[in-house]
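Here is a short briefing to read alongside the model. Have the sequence and the 3D view open, and let's walk through them together.

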Amino acid sequence: MWFEILPSFSVVVIAMAFPHASAYVLNKLVVGNSYRRAMYTRTQKTQYLRDARLTGSPYKINRHLV
């Protein structure tokens, strides 16, 4: 029947969601924020601003930090 696919479907969904959830948690523990990019040095801030300019990022950026 149709419900026989539910166990395998749930395994696949959990396996696909695990990297995203673990990246959030590990970045929060190791880096201190839940994002991959940290802006501690001038080079990192410049790269973030470049990415925001190229992609049209919707986030507000403190440009006086650079």
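**Start of the chain**

F3 lies in the segment before α1; helices (H or I, at least four residues) and strands (E, at least two) are DSSP runs, numbered from the N terminus. This is a predicted model, in which local features need pLDDT of at least 70 and side-chain atom pairs count only at pLDDT 80 or more, while totals for chains, interfaces and linings use all residues. Residues are numbered from 1 along each chain as its sequence is written, and side-chain values use heavy atoms, with hydrogens and water left out.

- With 45% relative accessibility, F3 counts as partly exposed (buried means under 20% relative accessible area, exposed over 50%, partly exposed in between, with a 1.4 Å probe and protein chains only).
- F3 also belongs to a nonpolar surface patch of about 820 Å², made together with M1, W2, I5, L6, F9 and V13.

**The whole chain**

- The protein chain has 2 helices and 0 strands.
- Of its 66 residues, 9% count as buried.
- The chain exposes about 6,100 Å², and carbon and sulfur atoms supply 65% of that (Shrake-Rupley method, 1.4 Å probe; for residues, only the protein chains shown count as cover).

- K28 sits in helix α1 and is partly exposed, at a relative accessible area of 46%.
- Leaving aside residues up to four places away in sequence, K28 touches N33 and S34 (contact means heavy atoms within 4.5 Å).
- M39 is found in the loop between α1 (6-30) and α2 (42-55), and is partly exposed at 38% relative accessibility.
- With the sequence neighbours up to four places away again not counted, M39 touches Q44, K45 and Y48.

**Helix α2**

- The 14 residues of α2 should span 20 Å at 1.5 Å a residue, and its end C-alpha atoms are 20 Å apart, which agrees (the expected span is 1.5 Å times one less than the number of residues).
- K45, L49 and A52 are the buried residues of α2.
- Seen down the axis of α2, these buried residues fall within an arc of 60°, so they line one face of the helix (the arc is that of the directions from the helix axis to the C-beta atoms).
- On the face turned away from the buried side, α2 carries the exposed residues T43, L54 and T55.
- G56 follows α2 and has a positive phi, near 70°.

How values were computed:
Patches are made of residues with over 30% relative accessible area and no salt bridge: like charges are joined within 9 Å, nonpolar side chains (Val, Leu, Ile, Met, Phe, Trp, Tyr) within 5 Å. A salt bridge is a side-chain nitrogen of Lys or Arg within 4 Å of a carboxyl oxygen of Asp or Glu.
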